[in-house]
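Please look over the sequence and the model shown here before reading on.

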Amino acid sequence: MKLYNYNFQRIDTISKIESSELFDGVFVDLGVSSFQLDDPSAGFTYRREANLDLRMDKTRVLSASELINTFSEKEIANIIYKYGEEKNAKKIAAAICESRKLKKISTTTQLYEIISKITSQRFLLKTLSRVFQAFRIYVNNELSVLEDFIPKAVNLLKKGGRIVILTYHSLEDRIVKEMFRYEMLECICPNDYPICTCGKKSRLKLLTKKPVVPAYEEILINPRARSAKLRAAERI
Ligand SMILES: C[S@@+](CC[C@H](N)C(=O)[O-])C[C@H]1O[C@@H](n2cnc3c(N)ncnc32)[C@H](O)[C@@H]1O
């Protein structure tokens, strides 16, 4: 087994390095690991004080701290709404911009405190998860990476080869669902076209009509698995 500290978006580069023909299978477990969540210095959780970074790859330019101290209030609200699906995005962005006027926001605790002042206790943990998720997705460009990765991975699958993707939130699950569905399509011409001109071929057969989700027993053992969804398809 060989490990590559590469962005999986570059699976095509790795396959060239490996000069392997085609793969029998591709398995992707998205998001952050328990190691990262449990490592206080990694800064992926609002539960402990750490630098507000959220980059999975520290060579990436933009950290979460830089984002919230330099982006406009409107941009921050858009990011929280789009990547966190948080309805109070505008209110939170306004509070962040007010606070940064007084002091640069550089730690997870500072962001926690800003949000806890404007959010009821009842919704606080959910709101914090959504805001941290939003900034994490943005600084790691996670959704565009996934959209770029899937067709590349399908290119590299042998006939009968399988692709299996584990997602942990609805934004990434929606991308996998829609891209698998697209790869299943035989033709994408408008319905009123008398003959097909797109030349598109179906490349995948779905193995999971519905996403596979963890059993209750597994969630009891590993609560972090509760939002996991697995989708699988086979190259045809
Ligand atoms: C859910 S964890 C994998 C956990 C692992 N399967 C385990 O059981 O311990 C996802 C890992 O993928 C890494 N990762 C996320 N996006 C990545 C990307 N675009 N390229 C490479 N690694 C990525 C994260 O840093 C994290 O360590």
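## Between the two domains

In this predicted model, the interface of domain 1 and domain 2 holds one salt bridge, and the side chains of glutamate 85 and arginine 174 meet in a salt bridge at 3.4 Å, N to O. Between the two domains there are two residue pairs in polar contact. On the side of domain 1 that touches domain 2, the elements that give two or more residues are α8 (142-155) and α9 (170-184), and α9 gives the most, with three residues.

## How the domains are laid out

The chain is divided into domain 1, made of 8-32 + 143-235, and domain 2, spanning 39-140. Their centres, taken over C-alpha atoms, are separated by 29 Å, while eight residues of domain 1 are in contact with nine residues of domain 2. Together the domains bury about 660 Å² between them, 62% of it on carbon and sulfur atoms. On the domain 1 side, Val32, His169 and Leu171 lose the most area to domain 2, together 58% of what that side buries.

## The nonpolar core

The largest nonpolar core has 55 residues, of which Ile76, Ile96, Phe135 and Ile150 touch the most other members.

## A buried threonine

Threonine 167 lies in strand β2 (residues 157-167) and counts as buried because its relative accessibility is 1%, under the 20% cut-off. Among the residues that threonine 167 touches are Leu30, Asp173 and Lys229.

Terms used
Residues are numbered from 1 along each chain as its sequence is written. This is a predicted model: local features need pLDDT of at least 70, side-chain atom pairs count only at pLDDT 80 or more; totals for chains, interfaces and linings use all residues. Side-chain values use heavy atoms; hydrogens and water are left out. Helices (H or I, at least four residues) and strands (E, at least two) are DSSP runs, numbered from the N terminus. Buried means under 20% relative accessible area, exposed over 50%, partly exposed in between (1.4 Å probe, protein chains only). Contact means heavy atoms within 4.5 Å. A nonpolar core is a set of buried Ala, Val, Leu, Ile, Met, Phe, Trp, Tyr and Cys residues joined through side-chain atoms within 4.5 Å. Domain bounds come from an automatic or database domain assignment. Buried area is the accessible area (1.4 Å probe) that two parts lose on being put together, summed over both. A salt bridge is a side-chain nitrogen of Lys or Arg within 4 Å of a carboxyl oxygen of Asp or Glu. A polar contact is a pair of N or O atoms within 3.5 Å; within protein, one must be able to donate a hydrogen and the other to accept it, and residues adjacent in sequence count only if both atoms are side-chain atoms. Lists of a residue's contacts leave out its neighbours within four places in sequence.
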